[in-house]
Amino acid sequence: MSLMSDLGAELVAVVSTVVGALPYVAGYIAIILGTMFVWSYIKRMLTPKHDYSSLKTVTFGDESAVTSNSVASVVSIVLIFLFWGSFTGSKLLPSFLHMPGAYVGESSFTYTATYEGQSDDATVSVLVHPAGDDVVEPQADLGDGFAKNDVVSIPSYRSQLLRVDQNDEHGRADGAEITAVNGQPISPDSPVKTDFGTVSMSPKGTLNITPSKGIQMEPIWLPAPEAVWARVVDISQDGYRNSTLWEHLGFSLFRVVVGFMLGALVGIPLGYAMGLSNWFRGWFDPIVEFMRPVPPLALIPLVIIWAGIGEVGKIILLFLAALWIMAIAARSGVSGVRISKVHAAYSLGASRWQIMRHVIIPNSLPEIFTGARVAMGVCWGTVVAAELVAAEKGAGMMIMVASKFQSTDIVLMGIILIGIIGFSIDMLMRWVERILVPWKGKG
Amino acid sequence: MSGLQIDKLSMRFDLPDGGSVQALKDVTIDLKAGELLSVLGPSGCGKTTLLNIVAGFLAPTSGEITLNEKRVHGPGPERGMVFQQGALFEWMSVRENVGFGPKMKGTSKQDAANVDHLLDVVGLQDFKEKQVYELSGGMQQRVALARCLANDPDVILMDEPLGALDALTREKMQGLVLKLWKETGKTIILITHSVEEALLLGERLIVMAPRPGRIHREYNLPFAEMGVGQDLREVKKHPDFNSTREEILSMIWDMEEEIMGGASK
């Protein structure tokens, strides 16, 4: 029962998060639809096209009429960067596109202290500076009366408790009380809004100064695009954790390529054997069918126990990730050969070896290439995950270490580079496929 | 004795559910070199099984096949095969497909010239370097015919070679088959489910009956000889052509009725 209630609580948490996100999702969908209508309006203004598709009256439900609209793709990507820049106060954007940011600058407020029926005003100068800047706090001009002026400096996104009465002639200990800020009465229950943020009062009577945080993301959560780019430049020149950027990425790629090659080298002959012989099929079917659904990531602990965290362990892991995929692809490539092709080759006088060489292998190549694309994708994902766990070099290690130091810019840079490399691998495989097996899907 | 002898061929195999099927029973055919035989019958009468046994892809349970006094045990280049479709190698160009048989033996210059010549004969002069998947269905079957001829087999076995083609292309291809038969003098066995095609492309015609698969009737026909180099539509106007067609059609119709009746009992 406690499991059910635990799961129920989890579900409530998930649902409430989703509900909380709904307004943003709705806003995003509204933007998509809005731009769609704007574009269709613009398109009508442009010279009308008279190609075959434009003459179709049925487009809703016609799969062939739906192609990727490149304008939408461009707008979508531009918008992502626009949001990113806007919510991080990017310097690449004109400032009117920025979301309200955290307050930075000099301001002040006055407070009113009351002591034995008398009251006196004093000014507090507030200096809000970007986090990390060293600020020399100016000396306060104490002013007249029993309440003296104060100066406080606060990093942006932070707040500060200030005992304004500490330098007053009559402090809290004497029975003095702070009754108003900027002329408005203040108490622990009613904070006062000022031009830079909020001043509230603790139950004991200390003022808490909170400069406005805006709705931009703090760089520690999400750095601006140019900060990430600066990191790319910086790390590609100076490296990170004793290795250059190219060493990190190169090591990851090297592991993937070697692991995949070994997997293919063993997996393809294994798949052929399974496709060509009952005995081999029976022998390896249970092993392959069991190992295939085991996520390679689940093998990481075992591989670390057996082979340690060095290159050997990672390459074993990637070998295993690629092996089953390649074996199954080769097996189905062999099984997929039309019997009439084999019969035709036999009655044209081909020997077994010639049928292998000229019919079965070329016939299985399209399947093998499909498998290779999948395997490369899985290997790339697995290597990053393995490096997250333990590695001295590699793209995954880079972002893992960076996350421990809250270097969000490096984490983002790493994710983007990992994405670009994964995408490039897939594009490369597709290109090789087009060159080497142009007959794919044409049988 | 040259030619192809099919002697008391029977084929019986067990089914997984414990029953068994008599696919062929005592099929005997004596084919002289250069004869053109078409085999016709309702589906399930064992005509494709017969062809597969002659090609050597299946072993009969009893009976034997002799080609030029040599007993047939498995597939071999002296018995060429033309399939309905999908038997071309799409990873090879048209020329490579046609040259496949000679290449397996080890190509000579003479063979290469022969391949070119055959491509001319089947009318694919301009398509030699194309990939086979770039060709239409009719052209692909032309490639299949040329590929079979390039190996210079004694017998050509055709398993519904024109079955997947549209009616117009089919007529053209029927003319081509007759032309190749006359020019090369090959022994040909052609399986079809079209009565008209069986009449046009059969010097001899065998109608098979199902359950068990056996020879029901045999005809000797003049139409193939008449059709060589002729417009096949003229042949079809011949009164004998029509009467024979009607006779065979009602024969097959009766067989189908019998099967359906048997199934409903």
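**Figure 1. Strands β1 and β2 of chain A pair as an antiparallel hairpin in this predicted model.** Strand β1 of chain A, residues 105-115, and strand β2 of chain A, residues 118-129, run antiparallel and are joined by eleven bridges. Within this pairing, A:Glu106 of chain A has A:Leu127 as its bridge partner in β2(A). Two residues separate β1(A) and β2(A) in the hairpin, and the turn contains A:Glu116.

**Figure 2. Strand β2 of chain A also pairs with strand β3 of chain A.** Here β2(A) and β3(A), the latter spanning residues 150-155, pair in the parallel sense over six bridges. A:Leu127 stands opposite A:Ser153 in β3(A), while A:Leu127 is also the bridge partner of A:Glu106. In a regular strand, the side chains alternate between the two faces of the sheet.

**Figure 3. Two residues of chain A other than glycine, A:Glu116 and A:Asn182, have a positive phi.** Most residues other than glycine have a negative phi. A:Glu116, in the loop between β1 and β2 of chain A, has a phi near 50°. With 9 other C-beta atoms within 10 Å, A:Glu116 is exposed, because a residue counts as exposed when 12 or fewer such atoms lie within that distance. A:Asn182 is found in the loop between β5 (177-181) and β6 (184-185) of chain A, and its phi is about 50°. A:Asn182 is partly exposed, having 16 other C-beta atoms within 10 Å, a count that falls between the limit of 12 for exposed residues and that of 20 for buried ones.

**Figure 4. The largest nonpolar core includes residues of chain A and of chain B.** This core has 139 residues, and those with the most contacts inside it are A:Leu318, A:Ala322, A:Met326, A:Cys379 and B:Ile189. Helix α7 of chain A, residues 311-335, provides the largest share of this core, with 15 residues. When residues up to four places away in sequence are left aside, A:Leu318 touches A:Arg255, A:Val256, A:Gly259, A:Phe260, A:Cys379, A:Thr382 and A:Val383. A second, separate core has 21 residues, among them A:Val128, A:Ala147, A:Val181 and A:Val199.

**Figure 5. Chain A and chain B are in contact through 16 residues of chain A and 20 residues of chain B.** On the side of chain A that touches chain B, the elements giving two or more residues are α8 (339-347) and α9 (352-389) of chain A. Of the elements on this side, α8(A) gives the most, with six residues. Sorted by class, the side of chain A that touches chain B has seven nonpolar, six polar and three charged residues. The model scores ipTM 0.91 and pTM 0.82.

**Figure 6. A cis peptide bond leads from B:Arg211 to B:Pro212.** The omega of this bond is near -10°, whereas most peptide bonds are trans. B:Pro212 has its place in the loop between β9 (204-209) and β10 (214-220) of chain B. For chain B, the mean pLDDT is 87, and 98% of its residues reach 70 or more.

**Figure 7. Chain A is divided into three domains, with bounds as given by the domain assignment.** Domain 1 covers residues 2-97, domain 2 covers residues 105-211 and domain 3 covers residues 226-436. The centres of domain 1 of chain A and domain 2 of chain A, taken over C-alpha atoms, are separated by 47 Å.

How values were computed: Residues are numbered from 1 along each chain as its sequence is written. Chains are lettered from A and ligands numbered from 1 in the order in which they are written. This is a predicted model: local features need pLDDT of at least 70, side-chain atom pairs count only at pLDDT 80 or more; totals for chains, interfaces and linings use all residues. A nonpolar core is a set of buried Ala, Val, Leu, Ile, Met, Phe, Trp, Tyr and Cys residues joined through C-beta atoms within 7 Å. Helices (H or I, at least four residues) and strands (E, at least two) are DSSP runs, numbered from the N terminus. Two residues are in contact if their C-beta atoms, placed from the backbone, lie within 7 Å. pLDDT is the predictor's confidence in each residue, from 0 to 100. Two strands pair if DSSP finds at least two bridges between them. Ala, Val, Leu, Ile, Met, Phe, Trp, Tyr, Cys and Pro count as nonpolar, Asp, Glu, Lys and Arg as charged, and the others, Gly among them, as polar.
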